[in-house]
Amino acid sequence: MEDIYRTHLATNCNEDLLHQSVLLNGWVQQYRNLGGVIFIDLRDRSGIIQVVISEANENNNLYKKAALLRCEYVIAVKGVLVKRAPQAINPDLPTGRWEIIASDLKILNEADPSPIPIKDDLDVAESVRLQYRYLDLRRPKMQRYLKNRHKVLQITRNFLSHADFMEVETPLLTKSTPEGARDFLVPSRKQKNSFYALPQSPQLFKQLLMIGGFEQYFQISRCFRDEDLRSDRQPEFTQLDIEASFMGETNFLKLIESLVQKVFKEILEIDLITPFQRYTYQESLAIFGTDAPDLRFELPITDFTQNLATSSFVMFATNIASGGVIKGINLPKAAVWSRKKLDDINKLAKELGATKGLLWISFKSDQPSGPLVKHLSESELKKLKELAKVNEGDLLIIVSEQDAIATPLLGKLRLIFAEKLDLVKTDQFKLAWITDFPLLSYQPEENRYDSMHHPFTAPNPADVHLLYTDPLAVRAKAYDLVLNGTEIAGGSLRINKQAIQQQIFKLLGFSTADLKKQFGFFLEAFRFGTPPHLGIAFGLDRWLMYLNGCTSIRDSIAFPKTERGTCLLTDAPSNVTANQLAELGLKI
């Protein structure tokens, strides 16, 4: 074979190329020697096609070479594309109607037996997959995931460029500034005892770009946070950052919805309905028990506190008198649940933070039953049924706690109940904006306030005066985009007045000296005409996890870290030499 490089990909082979000569490169996915005829499934980045090599071929060495093949050998195959016999058609393959009758074969490289089967359905520990990630990436599913990642990046770049946004890169070696999580620090060789920090986000730089007059910016940015990891977090991750000046919140969110809509259409062929649903932070907590609600099912939380304020039931009366609440969730058709199942859920509720356990009323028939029934009047039972929209066959779960316990508890139980009742529509995508977050929370152990999002989020203009009298009452001009119960993006209007930014830093506990040292350059820029601006950042890896239908964020990243932040492929982080440390002026 004189020329070994491909003329076509596997999935290019179709009716247009029938009876024509083609040259393909790839890996041996599978081979079958049936004695006299060898069938090879050749795999390249586009897919798989069958190659047939006959012992009767005029090329005497062809069959002998094919007999040497093993899985994952790298080969070049030349041959003619023909139709398969009707009984041999494989409807599961895009190329299943064709095959290549080989006329020449070259083994480009051999391969040891793979420690990972190169197929989608495999029972292999994730640690092994990550150790041999380059083999794991050969699987069709992983190829599809990363192709989708590429497509999302291209769609985003094209969409935003068309909308007159400019892509600008910001530094990866920057100044350590507290933004919530711990920084990854990089020692400077030339400036001994000094450190760069890897950015947790490009927040300060993108705002400085607005001050710099670029007005509409975006970036596919690498970010780093030294924080405890979960299935949807990584120490290094990719953000889609978007920032705009002179654009109101209404138009900006409409732009973002159009982008999300386009991505879903082109990746999943799903037509999202816009505008997305909207809930304030308080509404979301009241209805769903969380600020990141899963809207693929109902199960709203109902507040019975006012209606039971005069109840003679001691447990309720005592709780309400101490400022507590009575809340519950109606579970459709769950009255058939056994006492054991209810006891197990009660045990789970206590593990999730309930101090008094759960109460329930079963509406199997006209006569409600359960431990709570004897403590409530007929009119109280009727009111509960009416408020929670209970039908015959439903089960009403009730919690009597302080609101700080009851609301998040019911938010967690809501998800568990939905799973047990098989209510989650896994083929649906439900998006919602959550708005009007509190600007600040209070850290009593440190006697200071903390930002709910970050220190650069603007307060609601109607609440600015409260910054000086009642900071916890201030609402933020912030918005989170939630997909199926997970926040995939968050943003806000930014502070553009130096006095307000200084007041926020003061509330966060910064001394004048610390503020000048850490954020002096940023506050200085505010003196020279800062435009009104706003922005948003998508957790791209997390969003792709949903677009790909993965359960782990690691499957949407080419070379991810484990939950301990290690790379099993390269054995990072690892020790360095004494000379390297000495050059940096460091000693361990």
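1. A cut-off comes first. A salt bridge here is a side-chain nitrogen of Lys or Arg within 4 Å of a carboxyl oxygen of Asp or Glu. Glutamate 227 and arginine 233 meet that rule, with their closest N and O atoms 3.7 Å apart. Keep in mind that this is a predicted model.

2. How exposed is this pair? Glutamate 227 has 23% relative accessibility and counts as partly exposed. Arginine 233, at 25%, is also classed as partly exposed.

3. Over the whole structure the search returns 30 salt bridges. Glutamate 72 and arginine 43 make one, with 2.9 Å between the closest N and O atoms. Glutamate 72 sits in the loop between α1 (60-67) and β4 (74-83), and arginine 43 in strand β2 (residues 37-44), so the contact ties together parts 29 residues apart in sequence. Glutamate 72 has a relative accessible area of 5% and is buried. Arginine 43 is buried too, at 5% relative accessibility.

4. Another salt bridge joins the side chains of aspartate 463 and arginine 475, at 2.8 Å from N to O. Both residues lie in the loop between β18 (448-451) and β19 (478-483), 12 residues apart. Arginine 475 is partly exposed, at 32% relative accessibility.

5. Salt bridges also form a network. Its members are Arg129, Arg133, Asp136, Arg139 and Asp555. As background, side chains of opposite charge can pair when their charged atoms come close.

6. Next, aspartate 183. Its place is the loop between β6 (166-167) and β7 (184-187). Relative accessibility is 17%, so aspartate 183 counts as buried. Which residues does aspartate 183 touch, leaving aside neighbours within four places in sequence? The contacts are Ser176, Thr177, Ala197, Leu198, Gln200 and Asp226.

7. The side chains of aspartate 183 and serine 176 make a polar contact of 2.6 Å. Between the side chains of aspartate 183 and glutamine 200, a polar contact spans 2.7 Å.

8. Now the strands. How many residues of strand β10 (residues 236-245) are buried? The count is 9 of its 10 residues, and the strand is mostly covered. Strand β10 pairs with strand β9 (residues 216-224) in the antiparallel sense, over 9 bridges. Within that pairing, threonine 238 in β10 is the bridge partner of arginine 222.

9. Strand β10 has another antiparallel partner. Strand β21 (residues 533-539) is joined to β10 by 7 bridges. Aspartate 241 stands opposite alanine 537 in β21. In a regular strand, side chains alternate between the two faces of the sheet.

10. Aromatic pairs number 17. Phenylalanine 456 and phenylalanine 505 form an edge-to-face pair, with 6.2 Å centre to centre and 80 degrees between the planes. Phenylalanine 456 is in the loop between β18 and β19, and phenylalanine 505 is in helix α12 (residues 498-507), so the pair ties together parts 49 residues apart in sequence. Both phenylalanine 456 and phenylalanine 505 are buried.

11. Why is the pair of phenylalanine 505 and phenylalanine 519 classed as stacked? The ring centres are 4.6 Å apart and the planes of phenylalanine 505 and phenylalanine 519 are at 25 degrees, so the pair is stacked. The cut-off for that label is under 30 degrees. Phenylalanine 505 belongs to helix α12 and phenylalanine 519 to helix α13 (residues 512-525), so this pair ties together parts 14 residues apart in sequence.

12. Phenylalanine 505 has a relative accessible area of 0% and is buried. Phenylalanine 519 is likewise buried, with a relative accessible area of 0%. Which residues make up the aromatic cluster? Phe456, Phe505, Phe510, Phe519, Phe522 and Phe526 form it together.

Terms used
Residues numbered from 1 in each chain as written. Predicted model: local features only at pLDDT ≥ 70, side-chain atom pairs only at ≥ 80, totals over all residues. Heavy atoms only, no water. Helix = DSSP H or I, 4+ residues; strand = E, 2+ residues; numbered from the N terminus. Buried < 20%, exposed > 50% of the residue type's maximum accessible area, 1.4 Å probe, protein only. Contact = heavy atoms within 4.5 Å. Polar contact = N/O pair within 3.5 Å; in protein donor to acceptor, adjacent residues only side chain to side chain. Pairing = 2+ DSSP bridges. Phe/Tyr/Trp six-rings, centres within 6.5 Å; stacked < 30°, edge-to-face > 60°.
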